[in-house]
Amino acid sequence: MDNALIYVAVIAAILVLAIFLPRWVRRSTDAAGGREGRRYATTRLTGILDELDTTLVLHAPEATAREVVDGVVLQQPRKFTRLGGGGYGIRFIEPDDAIVRLVDDERGTRLEVERVREHLGVPNTSEFWADLRSGVSAAAHARGIDVSPGRPTQHRRDEATGTWMPV
């Protein structure tokens with residue numbers, strides 16, 4: 001009789017484990033996956049923002065700097081667009097997903113990101129911004145214009161619109 005009671009207790013324990021163990025495993029793996037996903041997204045976002053915060057100073061007046069940037073923008077119309085008001089658009093989906101402007105700097109004219117729209121939860125134009133900076137730098141050097149890194153900007157996210165603006 002004692003043996004039968006032990007078997008029933010073992011079977012009951014197995015049934016309880018079979019019911020609750022998959023839920024516990026699923027919950028713990030979902031939580032671990034969520035933590036890892038947030039960590040990866042934060043790391044990726046930090047790298048993207050570091051790239052977007054980088055500026056470029058052309059040691060030339062604005063008119064000359066605009067000629068250089070216009071030349072680079074016109075060479076790659078799928079990535080870049082001249083916008084009204086003196087800005088330049090960087091395309092991820094729309095022509096103005098990121099807006100770049102030329103602003104006065106004590107050393108010349110600074111090229112910087114003014115606004116970035118996010119798609120898929122992060123800004124996606126950082127690689128194109130790096131391409132634009134390197135293209136402008138090469139074109140400026142070809143014209144004999146000195147180029148140097150500018151002071152970095154910092155961007156913050158506007159929660160209402162999902163855009164990143166300079167602080």
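From the N terminus on, the elements of the protein chain follow the order α-β-α-β-β-β-β-β-α-β-β-β. That makes 3 helices and 9 strands, where helices (H or I, at least four residues) and strands (E, at least two) are DSSP runs, numbered from the N terminus. The model is a predicted one, in which local features need pLDDT of at least 70 and side-chain atom pairs count only at pLDDT 80 or more, while totals for chains, interfaces and linings use all residues. Residues are numbered from 1 along each chain as its sequence is written, and side-chain values use heavy atoms, with hydrogens and water left out.

A view of the whole chain comes first. Along its principal axes, the C-alpha trace spans about 100 × 30 × 25 Å. The radius of gyration of the protein chain is 27 Å, whereas a compact globule of 167 residues would have one near 15 Å; this radius is taken over C-alpha atoms, and the globule rule is 2.2 Å times the number of residues to the power 0.38. The accessible surface comes to about 10,200 Å², with 59% of it belonging to carbon and sulfur atoms, as computed by the Shrake-Rupley method with a 1.4 Å probe, where for residues only the protein chains shown count as cover. Of the 167 residues, 34% are buried; buried means under 20% relative accessible area, exposed over 50%, and partly exposed in between (1.4 Å probe, protein chains only). Among contacts (heavy atoms within 4.5 Å) with a separation of 6 or more, 59% are between residues 24 or more positions apart.

Side chains of opposite charge can pair when their charged atoms come close. The structure holds 15 salt bridges, each defined as a side-chain nitrogen of Lys or Arg within 4 Å of a carboxyl oxygen of Asp or Glu. One of them joins Arg143 to Glu67, with the closest N and O atoms 3.0 Å apart. This pair links distant parts of the chain, as Arg143 lies in the loop between α3 and β7 (147–149) and Glu67 in helix α2, 76 residues apart. Both partners are partly exposed, Arg143 at 45% relative accessibility and Glu67 at 46%.

Because Arg157 lies in strand β8 and Glu118 in strand β5, the pair ties together parts that are 39 residues apart in sequence. Glu118 counts as buried, at 15% relative accessibility, while Arg157 is partly exposed, at 27%. The side chains of Arg157 and Glu159 also meet in a salt bridge, at 2.5 Å from N to O, and Glu159 counts as exposed at 61% relative accessibility. Elsewhere, salt bridges that share partners join Asp96, Asp97, Arg115 and Arg117 into one network.

Strand β8 (residues 155–158) also contains His155, a buried residue with a relative accessible area of 9%. The side chains of His155 and Asp53 are joined by a polar contact of 2.6 Å. A polar contact is a pair of N or O atoms within 3.5 Å; within protein, one must be able to donate a hydrogen and the other to accept it, and residues adjacent in sequence count only if both atoms are side-chain atoms. The His155 side chain reaches the backbone oxygen of Val113 as well, at 3.3 Å. Leaving out residues up to four places away in sequence, His155 touches several others, among them Leu52, Trp164, Met165 and Pro166.

A polar atom of its side chain lies 2.5 Å from the backbone oxygen of His119, and the Asn124 side chain reaches the backbone oxygen of Val122 at 2.9 Å. Apart from neighbours within four places in sequence, Asn124 is in contact with Arg44, Phe92 and His119.
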